[in-house]
Amino acid sequence: MTKRIPLFYIFLLALVIIVIIVTAIGKSYLKDVLLEYEDSQYKYVAENFFDSNFSNGNSETLAELFASQISEYETTESFATYLSTIINNGDFTLQHSSSGLSDKEKYVVSIDNLRFAEVYISKSGDKTKHGFDTYTVSEVVFNSNLLNTYSIEVPVGYTVNINGHTADEKYALGDRIETESQSFMPEGVDGIIYTTYTFSDMCTEPNFTVFNKNNTETTVVCEDGVYRAEVVYDTKLADEYSEYVIEATKAYACYMQKDAAFGKVKGYIDPDSDFYAYVRGTPTWPVISHNGYAFEDAVVTEFYAYSDDVFSCRINLTHVLKYSGLEDYRDSIDITWYFRNVDGKYLIYDSFTH
């Protein structure tokens with residue numbers, strides 16, 4: 001007669017088998033959950049992004065990555081060239097540096113201990129199969145301290161070109177800078193006024209060209225890192241009034257050296273100006289003794305029109321005073337004259353002696 005296995009042992013064996021199966025399933029499930037949790041961590045997003053964009057040190061890749069953060073007057077090509085000088089075969093490193101005060105995780109990318117960029121990791125809004133948050137790169141910021149800022153002072157109304165592009169007026173960030181000419185202007189007329197254009201996030205020194213209202217290019221100089229556009233002087237005025245200015249200056253010099261009466265110079269001076277009263281009231285008796293005179297080397301420059309009725313110019317000439325038996329006395333004259341239209345004729349209303 002066959003002996004039957006007690007029901008208790010059959011039940012116990014089945015229970016053991018069930019426990020083994022459930023444990024195996026549980027371990028597999030737990031392993032999947034833990035693996036999913038681990039894979040969802042933000043550090044892997046940061047590391048993968050770093051490996052894809054920084055680890056090989058490719059300047060072209062990085063220039064594309066940060067293209068939106070450089071000046072609109074740079075190109076990705078020039079940026080890539082600039083970045084290659086910074087990278088210079090150095091090694092990039094990634095370091096977590098969040099302060100805990102933000103919902104973003106911040107990583108700092110450095111190259112040979114030079115802070116190069118910051119990478120921000122944020123929750124994507126999506127979740128894994130088991131409900132874990134997923135992360136994404138939300139922002140990548142290039143270290144703006146590695147870029148440069150350049151400024152150029154230009155006369156108001158002039159056009160600035162930078163690297164072959166016309167600069168937008170929004171870059172005219174400086175206050176209006178009045179020059180000394182303003183103190184010589186009649187009411188309602190502006191002297192030469194400058195403003196400053198400032199361009200940040202530049203790679204290397206830009207190429208500036210500046211044009212006046214007549215599209216004439218001016219000279220740009222650079223001192224102590226600040227560029228300045230020189231004033232474009234008026235060649236048309238020079239052609240039309242140079243001889244007139246020389247005649248007026250000679251008449252003035254003759255009067256001041258008591259070689260002519262006031263009537264010789266008064267026709268060149270605005271009778272309603274303070275300058276007229278000054279010249280008329282200046283004593284001419286304390287002059288250098290001489291019995292003859294001549295003029296040499298007259299040069300008129302720096303004609304500038306402030307309005308249709310006001311202009312200035314600068315004249316240099318030598319007034320030679322002669323006295324028999326003595327060496328000639330050479331009086332160098334260097335004056336800027338200010339003229340205004342009085343009843344159709346330009347007359348001197350002020351002056352500045354250099």
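Me: Which elements each supply at least two residues of the lining of the largest pocket?

Reply: α5 and β13 each supply at least two, and α5 gives the largest share, three residues. The model is predicted, so local features need pLDDT of at least 70 and side-chain atom pairs pLDDT 80 or more, whereas totals for chains, interfaces and linings use all residues. Residues are numbered from 1 along each chain as its sequence is written, and side-chain values use heavy atoms, without hydrogens or water.

Me: What makes a region a pocket, and which residues lie nearest the centre of the largest one?

Reply: A pocket is an open set of points on a 1 Å grid over the protein atoms alone, where a 1.4 Å probe fits, with protein on both sides within 12 Å along at least five of seven lines; lining residues have an atom within 4 Å of a point. By that rule the largest pocket is lined by 26 residues, and Lys213, Asp234, Tyr304, Ala305 and Tyr306 lie nearest its centre. Its volume, the space filled by probe spheres set on the points, is about 700 Å³. The lining comprises 13 nonpolar, seven polar and six charged residues. Here Asp, Glu, Lys and Arg count as charged, Ala, Val, Leu, Ile, Met, Phe, Trp, Tyr, Cys and Pro as nonpolar, and the others, Gly among them, as polar.

Me: What is the volume of the second largest pocket, and which residues are closest to its centre?

Reply: The second largest pocket has a volume of about 350 Å³. It is lined by 19 residues, and Glu180, Ser181, Ile192, Tyr233 and Glu302 are the closest to its centre. β13, β14 and β15 each supply at least two lining residues, with β14 giving the largest share, three. By class, this lining has nine nonpolar, five polar and five charged residues.

Me: Why are β13 and β16 said to stand at the edges of their sheet?

Reply: Two strands pair if DSSP finds at least two bridges between them. The open sheet has four strands in the order β13-β14-β15-β16, with antiparallel pairing. Within it, β13 (292-305) and β16 (345-353) each have a single partner strand, so one side of each is left without a neighbour in the sheet. The twist from one strand to the next averages 30°.

Me: How many bridges join β13 to β14, and what lies across the sheet?

Reply: There are 10 bridges between β13 and β14 (residues 310-322), and these strands run antiparallel. Helix α5 (residues 235-256) lies across β13, β14, β15 (329-342) and β16 and runs at about 140° to β13. Such angles, from 0 to 180 degrees, lie between N-to-C directions of lines fitted to C-alpha atoms, for helices over the stretch in contact.

Me: In which sense does β5 pair with β9, and in which with β12?

Reply: β5 (residues 148-155) and β9 (residues 193-202) pair in the antiparallel sense over seven bridges, with Thr198 of β9 as the bridge partner of Ser151. β5 and β12 (residues 226-229) run parallel and are joined by three bridges; there, Ile152 has Tyr227 of β12 as its bridge partner.

Me: Is Thr195 buried or exposed, and how do you know?

Reply: Buried means under 20% relative accessible area and exposed over 50%, with partly exposed in between (1.4 Å probe, protein chains only). Thr195 has 11% relative accessibility and therefore counts as buried. Thr195 lies in β9 and touches Ile152, Glu153, Val154, Val156, Ala172, Gly174 and Asp175, leaving aside residues up to four places away in sequence. Contact means heavy atoms within 4.5 Å.

Me: What makes Asn214 buried or exposed?

Reply: The relative accessible area of Asn214 is 65%, so Asn214 is exposed. Asn214 is placed in the loop between β10 (208-211) and β11 (220-223). Its C-alpha is 9.1 Å from that of Tyr158, although 56 residues separate the two in sequence.

Me: What share of the protein chain counts as buried?

Reply: Of its 354 residues, 38% count as buried. The chain has seven helices and 16 strands.
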